Amino acid sequence: MSGDLTARRVLVVGSANVDFTVAAPRLPAVGETVSGGTLLVNHGGKGANQAVAARRLGADVRFVGCVGDDGSGREIRAALAAEGIGVAGVAITGEAATGTALIVVDGEGRNQIAVAPGANWRLSLADDFAWAEVLVCQLETPPDTIVWALEEAQRRRIVTVLNPAPVREGLGDVWRFVDYLTPNEREAERLTGIAVRDLRSAAAAGHALRRRGVGTVIVTLGAQGALACTAQGEIPAPARAVAVVDTTAAGDAFNGALAVALGAGDRVEDALRFANAAAALACTRRGAQPSLPTRAEVDRLLGATERNDVSD
């Protein structure tokens, strides 16, 4: 990962939520109540998480989103500003409450998440694209807004990253505006119909998505790391071994870090290494935004890994 992040400008368009997370002994089955959990209330939403991740890793970040005219919305906007993120593009609406996520996390760090998008579905865009070097989007906001953002960024030759979560309809021919698509294994399977179980099936799904017009597809595979499918072939990137506590924002840490590395001009293999380290660290703490690591923490993990590789 390049050490010079001066003026790496990342624009994130996406969702902002308040998260209610219950750490439970296990995930409930359908119709079942699991007791004995503890409650954590934090800020989340894939867009806001990815903006915070990129900012803590050293980039200059602006966030475009929509929150409700309520206490949660005002707190989210203030918290993003306190991180040093530009929030001029965060609209406030009186037509819907701030988005809310209900999350259950089990003892192994696995989660179940249900989201009431609320104000996120009132998001519309003003033109803030001339400033950006990298645009990051997800799918927790209106599809037509995301398509417009990606198309406008491509027109301006801004690097585009789309995290297709959650998978939804109504995207049309968005793929040709995407430089980097970052589905996890379940999202890749839903988008292609190819069951993703290992690196080989991930490559098949990745190249199927590339044939739709995407530049590079990066399939994230949890404990198996990530696989980039490029025009030149596949680039595997092993995951970092850590003690997993909560995987809730691991994907957001990965996407935020990827945007930072791409903005710094890193090679794909180096960007994957950096993003995997950020995602691993996010798994070691509870909550969404509280778990997102700083640049110093990622550098320490990468340095420790390099020293272990040399000693081996």
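This is a predicted model: local features need pLDDT of at least 70, side-chain atom pairs count only at pLDDT 80 or more; totals for chains, interfaces and linings use all residues.
Val217 has Cys229 of E12 as its bridge partner, and Thr220 has Ala226 of E12. Five residues lie between the strands in the hairpin of E11 and E12, and there Gly222 takes a positive phi near 60°.

E12 also pairs with strand E13 (residues 233-237), in the antiparallel sense and over five bridges, and these two strands form a hairpin with two residues between them. The bridge partner of Cys229 in E13 is Glu234. Strand E12 (residues 226-230) is mostly covered, with five of its five residues buried, that is, under 20% relative accessible area with a 1.4 Å probe and protein chains only. In a regular strand the side chains alternate between the two faces of the sheet. From E12, Ala226, Ala228 and Thr230 point one way, while Leu227 and Cys229 point the other way, and all are buried.

## The sheet

Nine strands form an open sheet of mixed pairing, in the order E5-E4-E1-E8-E9-E10-E11-E12-E13. Strand E5 (86-93) and E13 stand at the edges with a single partner strand each, so one side of each is left without a neighbour in the sheet.

## The largest pocket

The largest pocket holds about 1,400 Å³ of space, a volume being the space filled by probe spheres set on grid points joined across faces, edges and corners. On a 1 Å grid over the protein atoms alone, a pocket is an open set of points where a 1.4 Å probe fits, with protein on both sides within 12 Å along at least five of seven lines, and lining residues have an atom within 4 Å of a point. Of the 49 lining residues, Asn184, Arg186, Thr247, Thr248 and Gly251 are the closest to the centre of the pocket.

Among the elements that give two or more residues to this lining are strand E2 (17-23), helix H1 (46-56) and helix H6 (250-263), and H6 provides the largest share, five residues.

## Basis of the model

Residues are numbered from 1 along each chain as its sequence is written, and side-chain values use heavy atoms, with hydrogens and water left out. Local features need pLDDT of at least 70 and side-chain atom pairs count only at pLDDT 80 or more, whereas totals for chains, interfaces and linings use all residues.

Note on methods:
Helices (H or I, at least four residues) and strands (E, at least two) are DSSP runs, numbered from the N terminus. Buried means under 20% relative accessible area, exposed over 50%, partly exposed in between (1.4 Å probe, protein chains only). Two strands pair if DSSP finds at least two bridges between them.
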